[in-house]
Amino acid sequence: MFRAQDRIEVKTPAQIDAMRVAGLVVAKTLQRVAGMTKAGVTTADMDECAAASIRDEGATPSFLGYHGFPAHICVSVNDEVVHGIPGPRRLADGDVVSVDCGAIVDGWHGDAAVTVLVGKSAVNLAELSRVTEQSLWAGLWAARAGNRLSDIGHAVESAIRSAGPQYGIVEDYVGHGIGSRMHMEPAVPNYGRPGKGPRLVPGMALAIEPMVVLGDAGVHVLDDDWTVVASDGSYASHWEHTVAVTDDGPWVLTALDDVRL
Ligand code: MG
Ligand code: MG
């Protein structure tokens, strides 16, 4: 019988260690880019910072040229949800900026995203980012051997729903398996009922990436064929980590510190 689980790449412990090297490049790069994300900086400046960081770490950017994507990171500002293209846009106080980064080392991928608040931001926007990040950690916690795949999405959704009715969960874009390629089986939605789908086993690696809007969750793609925006103009937040299912629990491969949950 063909099972969904058979399509999911299962890595050896040594291969997971190799993914950690790529994950650390992503973590360091996001830290550097987040550190320079300030009013007056352009999103192209941020891309330059990421390019230098990935190169100096001896890694290859996964986004540059991916289906023709023209930059090293995605930078999505305010109502932009994901896949924003860096360019001449100059950041201003109060902006909500999501940065998504991928890197490859020895053929293994890491993928993560953070949301940065520029300057002094409104309380409800800080809360949007906090709720999104917390839902990510709820999902990471559920990336545990013996759980089923949908337990992750259920954990993410539950965290967001419990934070209040003002948040919309973007359903058109989801997390994914990751390893020898950036996007692999399975899809990892940020919603769903628990106890469904393949059982998680040590050696699987997943990118979990909730996208939350402060409004309606409907989105569409701009004419640049990349930038995904909230259709009602709401602010959006995006947080992501790559996590490995291990015998010792979920290992967050794109965290700066050695985080095992
Ligand atoms: Mg990403
Ligand atoms: Mg991803």
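A: Glu 80 counts as buried, because its relative accessibility is 14% and buried means under 20% relative accessible area (exposed is over 50%, partly exposed in between; 1.4 Å probe, protein chains only). This is a predicted model, in which local features need pLDDT of at least 70 and side-chain atom pairs count only at pLDDT 80 or more, while totals for chains, interfaces and linings use all residues. Residues are numbered from 1 along each chain as its sequence is written, chains are lettered from A and ligands numbered from 1 in the order written, and side-chain values use heavy atoms, without hydrogens or water.

Glu 80 sits in strand β3 (residues 80-82). Strands here are DSSP runs of E with at least two residues, and helices are runs of H or I with at least four, numbered from the N terminus. The Glu 80 side chain reaches the backbone nitrogen of Val 77 at 2.9 Å. That is a polar contact: N or O atoms within 3.5 Å, where within protein one must be able to donate a hydrogen and the other to accept it, and residues adjacent in sequence count only if both atoms are side-chain atoms. Beyond its neighbours within four places in sequence, Glu 80 is in contact (heavy atoms within 4.5 Å) with Val 75, Arg 89, Thr 227, Val 228, Val 229 and Ala 236.

Val 75 leads on to Val 97. Val 97 is in contact with Val 75, and also with Val 77, Met 46 and Leu 91, among others. Val 97 and Met 46 are among the residues with the most contacts inside the largest nonpolar core, which has 49 residues. Such a core is a set of buried Ala, Val, Leu, Ile, Met, Phe, Trp, Tyr and Cys residues joined through side-chain atoms within 4.5 Å. A second, separate core of ten residues includes Ile 16, Ala 205, Ala 207 and Leu 253. In soluble globular proteins, nonpolar side chains tend to be buried together.

Now the metals. Magnesium ion (ligand 1) is coordinated by Asp 100 (OD), Asp 100 (OD), Asp 111 (OD) and Glu 240 (OE), at 2.0 to 2.6 Å. Donors are N, O and S atoms within 2.8 Å of the metal (3.2 Å for Na, K and Ca); water is not among the atoms, so sites may look incomplete. Asp 100 lies in strand β4 (residues 96-105) and Glu 240 in the loop between β13 and β14, 140 residues apart. Asp 100 is buried, at a relative accessible area of 7%. Glu 240 is buried too, at 1%.

Magnesium ion (ligand 2) takes Asp 111 (OD), His 176 (NE2), Glu 209 (OE) and Glu 240 (OE), lying 2.1 to 2.3 Å from it. The spacing of these donors is D-x64-H-x32-E-x30-E. His 176 lies in strand β7 (residues 175-177) and Glu 240 in the loop between β13 (236-238) and β14, so the pair ties together parts 64 residues apart in sequence. His 176 is buried, at 5% relative accessibility. Asp 111 bridges the two magnesium ions, which lie 3.1 Å apart.

Follow the chain onward to β14. Strands β14 (residues 241-246) and β15 (residues 249-252) pair in the antiparallel sense over four bridges; pairing needs at least two DSSP bridges. A hairpin joins β14 to β15 through two residues. Thr 246 stands opposite Gly 249 in β15.
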